[in-house]
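Hi everyone, thanks for making time for this. I'd like to walk you through a model on the screen, and please do stop me if you want to look at something again.

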Amino acid sequence: MLKSRWAGAALALSAVIATAGCGAATNNTANAGNAVQNTAGATTATAPITINETGSSLLYPLFNGQWIEAYKSVDPNVSITAASTGSGTGIAQAIAGTVQIGASDAYLSDAQMQQNPSMVNIPLAISAQQVMYNVPGLTGDQHLKLSGDVLAKIFSGKIKVWDDAAITSLNPGVKLPHQPIIPVHRSDSSGDTFLFTQFLSDTSADWKNAVGFGTSVSWPAVAGAIGVKGNDGVVQALASNKYSIGYVGISWLDKATQQGLGYAALKNKDGNFVLPAKENIQAAAQAGVSNVPDDERISLIDEPGANSYPIINFEYAIVNTKQPADMAAALKKFLNWAIDPNGGNKDQYLSPVHFLPLPAEIESKSQAQINKIGG
Amino acid sequence: MKRVSSRSKIADQVFLVATGLCASSPILFLLVITGIVVVQSIPSIRLMGWDFLTSVTWNMGSTYGAMTVKNGVPVPAGASYGALPFIVGTLASSVIALLIAVPISLLTAMILAYRVRGVVKSALSIVVELLAGIPSVVIGLWGIVVLAPWVSSSLGPLLTHVGWVIPFFSGPVGTGMGLLTSGLVLALMVVPIITATTRDLLEQVPILYREGGIALGMTSWEVVRLICLPYIKEGMIGAVALGWGRAMGETMAVLMVSGSAINYLPQNLYSPISTMAAVIADQLDSAMTDASHMAVHALSELALVLLVLTLLTNLVARLLVNRSRGTRRAGMGVKAG
């Protein structure tokens, strides 16, 4: 936080120096009387703007690795800085005005919206999550079938062993070991925990009443269960502990399967078991589109449809609509570019981080929200 | 002549103000930090009272649900903060670290102070001090990749054999991420601190005392046990307390190997735990999504408990080290006289 502030100050300082330099250059060209050069100078003379982003570690690779570089050619006058601080910090800094964009895996709660009515939640892309396990003896293409209810019972300690009747009845013909299950959850604040616990809350009444959902929750006391930091920590813990199970963000899927982990086919609302394949995530997103309200704060968990994958979500930009005029213009232009299927939502930017583009209907709703910026 | 003197007077004044400002900054920092932590903790103290120290459940409540008012403070429904598992985890892991580190440090310090000389001595001393400079995240990484699997597959199962004598040692061993591994990692981090302090203490034992012991026909072990250790006793307690303070405040390495238990107390030596420092680092980001801000206040109170504990141990350590230094000086005086 402190670091990014220093970085911001340094950038602002360099911006001032750059402006001074530009101004001098413009004057010189004007004196030379060259009309073409003069107009070119005039456009660069408008004060360069720096948009600061902090927040979700899931969105960070998209901003830092893809969008920042790409946007330089779209609007050379605007530079963007990004920092991976966690969604909660991003939200808090966006509300406080320290940064312009707080990247978050979760939308703001009703209570937060009441306290900060000028904030908007703008979906930038679609992400998903898979349930992964380390059960020796299962082959790579063999995916265990699991339901939200069974997962809720595993993570609350009601299902203790892999060959429990509740698991074997979902997986006829699969030989499961009589070994204690080691549930692995995130110990740090995480959008993945938000998604996973929301899935459990939506599919298990017991979980909803006892635990609920959030970016971190009061995990039931299960002997042997462990909490670890970060998606990398979960993958590492799953890989080094046989008979463990946990949840991992979609961008980690390849790395985790390389370590020999399997991932589950999850039971969706229609009762089918589906894998987190691109088309299943897209099917779920399409199914959820009609329910998206104007403020776009909605869970996309457990959408209906034969092929809908049940754990998907919007990745959000949390933005304060009250901005100075020049910043508002720059923010609008950037956000409109980011959600544009020919701009930031292009496959070339999203696929390296395993995100999917927004459905077309969402784009127009997001544009309406982006237009609120500046009031 | 006059000009020079007035200039040097001004310089002296500047020097006075500058040193005064700088010298008062540590007190100022301590006061400001303590003040902020106390003020931030007040809503949480009102919400939980003493239950904060004795209750086992840590729950931010339903942050996406409706707000309720509990004990006159607005909080999300279901919010309740009990820090006992984190306090127990902090104390237990740091005490295990000391049980392992103190004998190792003491024996190492004896060798460094009395048995090796010249190049070997300075080389060994440098290595010990380098150990203190390893970033804790590196030790944590080693803990996850090497130590935890080893505890799970080798050390843990071995220790369960004494489970019939000490029930706390019995299994199940689990994943290796937990109390024992945290204690081992912390031991590694406090060994250099205790070793360096103890070595300095041992070197200050007057040579005449030791020579006297040897002249009386004492063995090396007897000289150390009957002369050196009694001489440095108080300073030694101080050195241990310094290490303890370090172990309690360590965050990253423990966070990586503790298994981050929440809502339960350790059941055995291998049980996952959480420490106060690790919970603060882990939960702060989530806490910021709590619209009532109570989660942040609760973490502040946790910080307050940790601050009080570490300040107390440090204070006691300083007092004991200073007292033993005082006796030593008096002893030197007698010798010189």
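Predicted model: local features only at pLDDT ≥ 70, side-chain atom pairs only at ≥ 80, totals over all residues.

Let's begin with strand β8 of chain A, residues 244–249. How many of its six residues are buried? Six of the six are, so β8(A) is largely enclosed by the rest of the structure. If you turn the view, you can check this on both faces: A:S244, A:G246 and A:V248 lie on one side, A:I245, A:Y247 and A:G249 lie on the other, and all are buried.

So what pairs with β8(A)? One partner is strand β4 of chain A, residues 119–134, which runs antiparallel to β8(A) and is joined to it by six bridges. To find the pairing on your screens, look for A:N134, whose bridge partner in β8(A) is A:S244. Another partner is strand β6 of chain A, residues 182–186, and here the pairing with β8(A) is parallel, over three bridges. A:S244 turns up again in this pairing, standing opposite A:I182.

Let's stay with β6(A) for a moment. This strand is mostly covered too, with five of its five residues buried. A:I182, A:V184 and A:R186 point one way, while A:P183 and A:H185 point the other way, and all of them are buried. You'll notice an arginine and a histidine in that list, A:R186 and A:H185.

β6(A) also pairs with strand β7 of chain A, residues 226–228, again in the parallel sense and over three bridges. There, A:R186 stands opposite A:V228.

Elsewhere in chain A there is an open sheet of three strands, in the order β5-β10-β11, with mixed pairing. Which strands sit at its edges? They are β5(A), residues 145–146, and β11(A), residues 273–274, each of which pairs on one side only. β10(A), residues 265–267, pairs with β11(A) in the antiparallel sense over two bridges, and in that pair A:L266 stands opposite A:V274.

Now to the two chains together. Between them, 31 residues of chain A are in contact with 31 residues of chain B. On the chain A side, the elements that give two or more residues are α4 (87–96), α5 (110–115), β7 and α10 (230–240).

Last, chain B. Its secondary structure comes to 11 helices and four strands, and its C-alpha trace spans about 80 × 75 × 35 Å along the principal axes. Of its 337 residues, 42% count as buried. Among contacts in chain B with a separation of 6 or more, 77% are between residues 24 or more positions apart.

That's my tour, and I'm happy to go back to any view you'd like.

Note on methods: Residues numbered from 1 in each chain as written. Chains lettered and ligands numbered in written order. Buried ≥ 20, exposed ≤ 12 C-beta atoms within 10 Å, placed from the backbone. Pairing = 2+ DSSP bridges. Contact = placed C-beta atoms within 7 Å.
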